[in-house]
Amino acid sequence: MSTATEHAHDDHHHHMPTGIKRWIFTTNHKDIGTLYLWFAFIMFLVGGAMAMVIRAELFQPGLQIVEPNFFNQMTTVHGLIMVFGAVMPAFTGLANWLVPMMIGAPDMALPRMNNWSFWILPFAFIILLASLFMEGGGPAFGWTFYAPLSTTYSGDSTALFVFSVHIMGISSIMGAINVIVTIWNMRAPGMTWMKMPLFVWTWLITAFLLIAVMPVLAGAVTMVLTDKFFGTSFFDAAGGGDPVMFQHIFWFFGHPEVYIMILPAFGIISQIVPTFSRKKLFGYASMVYATTSIALLSFIVWAHHMFTTGMPVAAELFFMIATMLISVPTGVKVFNWVATMWRGSLTFEVPMLFALAFIVLFTIGGLSGLMLAITPVDFQYHDTYFVVAHFHYVLVSGAVFSIMAAVYYWLPKWTGKMFDVTLAKWHFWCSLISVNVLFFPMHFIGLAGMPRRIPDYALQFADFNKWISIGGFAFGLSQLIFLAVVIKACRKQGEPVSDQVWEGAEGLEWEIPSPAPYHTFETPPVVK
Amino acid sequence: MAEQEYQKYYVPEQSPWPIVGAVALFLIAVGAGNFVIESTKGESGFGGWILLAGIVTLLVMLIGWFNNQINESMNGMHSDQLGRSYRQGMSWFIFSEVMFFAAFFGALFYARVIAVPWLAGEGNNAMTNEVLWPGFEDMWPLTKTPGGTETTAMGWMGLPLYNTIILLVSSFTCHFAHVALEKEQRGKLKLMLGLTVLLGCIFLFLQVEEYVHAYREMNLTLQSGVYGNTFFLLTGFHGMHVTLGTIILIVLWLRIMKGHFTPKNHFAFQAGSWYWHFVDVVWVMLFFFVYIL
């Protein structure tokens, strides 16, 4: 697909900065990508620790370990951290590392702004985490901060929550603008739209979604702020507003947000599966069209989160049908991955293991999503553990598994050394088994009626909850293996790898040396 | 494409400004959060000072960053490709601003078309009206809320109409300034841009007048129900954008006085003028949906 890259090597006019200054002042897409990925990993562990608190409390029925208000803070901040602190920054980190290398660009289009987008994030999360220690506690209204929980019934920390979400949003928007401009304007000669790797395509569309909906989230938190502190009544019927309006505005952001967290995952899987099947991706063009249609449809399905709010029947039907339509392009994607593997010469290296687990487990999450999309059925499932099972299948064994697959796939390119394969396989198998012990029984207790976000439950759910908690602890511990693999890799332990790293890998990033030099493609390669 | 000589894309060296900007936003967020808590409780605290420190830091950052940027541009380090990056980046930024306003226009639409009629018993909501809000009637502007707060509606004649005309004219003067820049007519450029700034300031002054009038004489406040809420948040955020736009234009005007910008190389001017046209369009939407309808 592309030609040699003799010009790819570092020319040394930039002296290589060292120490802490390198990371704080950096304008280098690879450094910033590394920062994003480490930040995301740390947040993943912090948010994971909160999930451990939740599972410890739910290990047995009755109130055991934490106060209900603290339990609510844990569910809230766990969600916020995993969405805005772990999954999104991890994908942005991957985009930073990979997009310029995949399209043959010297760096991101706006390198200084790139640094700014990253360094806002640690500060935003310091604010969010510090608010947990305020008088009255941190945010306890769920990551969806529905009014009036977040207005009438919330604590002072809501103000800090609002402003920390504001600056997270600024960070995401700048990051997305950077990605979109890089892809639009920085492609090497010959890298036409329909030659772009799918990871680049999916991130282009993700960036568009981010720019379109993060400002709407900013609007929603602003209205919560004025409702709580300045006496407006956007979400208060006494002043002519409506709490349900909050849900409309929030989910107009929130549903595209869901695809922001899964489209890059689709891109990653579409890079990995062909490599280890030693075949071209089946249906490249249909993948592009499917991604685009998912993104467009994501704007007209938001109210499927709100079937039980008493909307008119016509609206319920509309949102049900629109939601089900999404399964068509999603089905196209799953079909294409399977068809790519069909009669390929498959090998099962660690990235491929995670990719395969993704395809199966994401599909389970997709199918339970389809069940939830059916309005009358949702009346029973709404706000039960079935919903929790659904979105953890798509987010943990979907998005998070894809991030792990990506890290294992590109880590040798970043460090120049093969990671510890034995440990990585342990990580995979422990994660795969525990994630299912953790989330699969949630389907059953959800269908049986166990409500989510409550620190206690009826006795008949006790056995399943015990197993869920055991699965949860095991999954949490398994991630420490991942930490060990990554630390070993960062210390450059392991066998040196070739430029191509994986036998079947294709694309510009596999034509530059391993480890990738500090500056790549200062003169663009010509893609044929 | 391939046979063209490739002009190297400028990748800046390390810069201290982004981290200063991140610290500034941190101070602003912490300060604003605490300031809001303290001021609504009537307590004294450091919130306001932290907020102020954050704003000052942000200003220092902007000056330093733009200084670097302008020097690079004046020294010809910017390729055409980089110029395209800037233009595209600015366009997407404006798109994000459009979506920010869309959230509030959405709230206006929902309150007016759905929430208020439902509270008045429309559709299958008869009992909502009868049991919860007896006697509440559907109207827009909502001059009497279900809770009983009364207010007056802001008409579109008078100040709002003048302001519309002022902003529309300023959009033209801004455009003429751009044309003058491209034709290298510096005198006309200074005049037209100066006029635009002046019109922006007059707009802001009249807007403040309107707010004072609303608060003092019309009993139209931020607390007067969803009509006042959407009115003040939409016009208020628009006013903040006009303020920012005016500051941008003033900076551009100062740079022009120093002899910056050429007919071909004037991204900053173009970005500022796009921004100005954007706040104009938002105003026209506002005038139509908030004032007239």
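Of the 293 residues of chain B, 48% count as buried. The model is predicted. Chain B has eight helices and zero strands, and 68 of its residues are in contact with 72 residues of chain A. The two chains bury about 5900 Å² between them.

**Fold of chain B**

- From the N terminus on, the order of elements in chain B is α-α-α-α-α-α-α-α.
- The C-alpha trace of chain B spans about 75 × 45 × 45 Å along its principal axes.
- Among contacts in chain B with a separation of 6 or more, 72% come from residues 24 or more positions apart.

**Helix H1 of chain B**

- Helix H1 of chain B covers residues 17-41, which is 25 residues.
- From the first C-alpha of H1(B) to the last, the distance is 36 Å, close to the 36 Å expected at 1.5 Å a residue.
- An α-helix has 3.6 residues a turn, so residues three or four places apart point the same way.

**Area buried between the chains**

- Carbon and sulfur atoms give 74% of the area of about 5900 Å² that is buried between chain B and chain A.
- In chain B, the residues that lose the most area to chain A are Gln14(B), Trp92(B) and Tyr110(B).
- Together, Gln14(B), Trp92(B) and Tyr110(B) account for 11% of what the chain B side buries.

**Polar and charged links between the chains**

- Two salt bridges are counted between chain B and chain A.
- A salt bridge joins the side chains of Arg112(A) and Glu72(B), at 2.9 Å from N to O.
- Between chain B and chain A, 18 residue pairs are in polar contact, with both residues at pLDDT 80 or more.

**Make-up of the chain B side**

- Four helices of chain B give two or more residues each to the side that touches chain A: H1, H2 (47-74), H3 (80-119) and H7 (225-257).
- H3(B) gives the most to this side, with 22 residues.
- By residue type, the side of chain B that touches chain A divides into 44 nonpolar, 19 polar and five charged residues.

How values were computed:
Residues are numbered from 1 along each chain as its sequence is written. Chains are lettered from A and ligands numbered from 1 in the order in which they are written. This is a predicted model: local features need pLDDT of at least 70, side-chain atom pairs count only at pLDDT 80 or more; totals for chains, interfaces and linings use all residues. Side-chain values use heavy atoms; hydrogens and water are left out. The expected span of a helix is 1.5 Å times one less than its number of residues. Contact means heavy atoms within 4.5 Å. Buried area is the accessible area (1.4 Å probe) that two parts lose on being put together, summed over both. A salt bridge is a side-chain nitrogen of Lys or Arg within 4 Å of a carboxyl oxygen of Asp or Glu. A polar contact is a pair of N or O atoms within 3.5 Å; within protein, one must be able to donate a hydrogen and the other to accept it, and residues adjacent in sequence count only if both atoms are side-chain atoms. Ala, Val, Leu, Ile, Met, Phe, Trp, Tyr, Cys and Pro count as nonpolar, Asp, Glu, Lys and Arg as charged, and the others, Gly among them, as polar. Buried means under 20% relative accessible area, exposed over 50%, partly exposed in between (1.4 Å probe, protein chains only).
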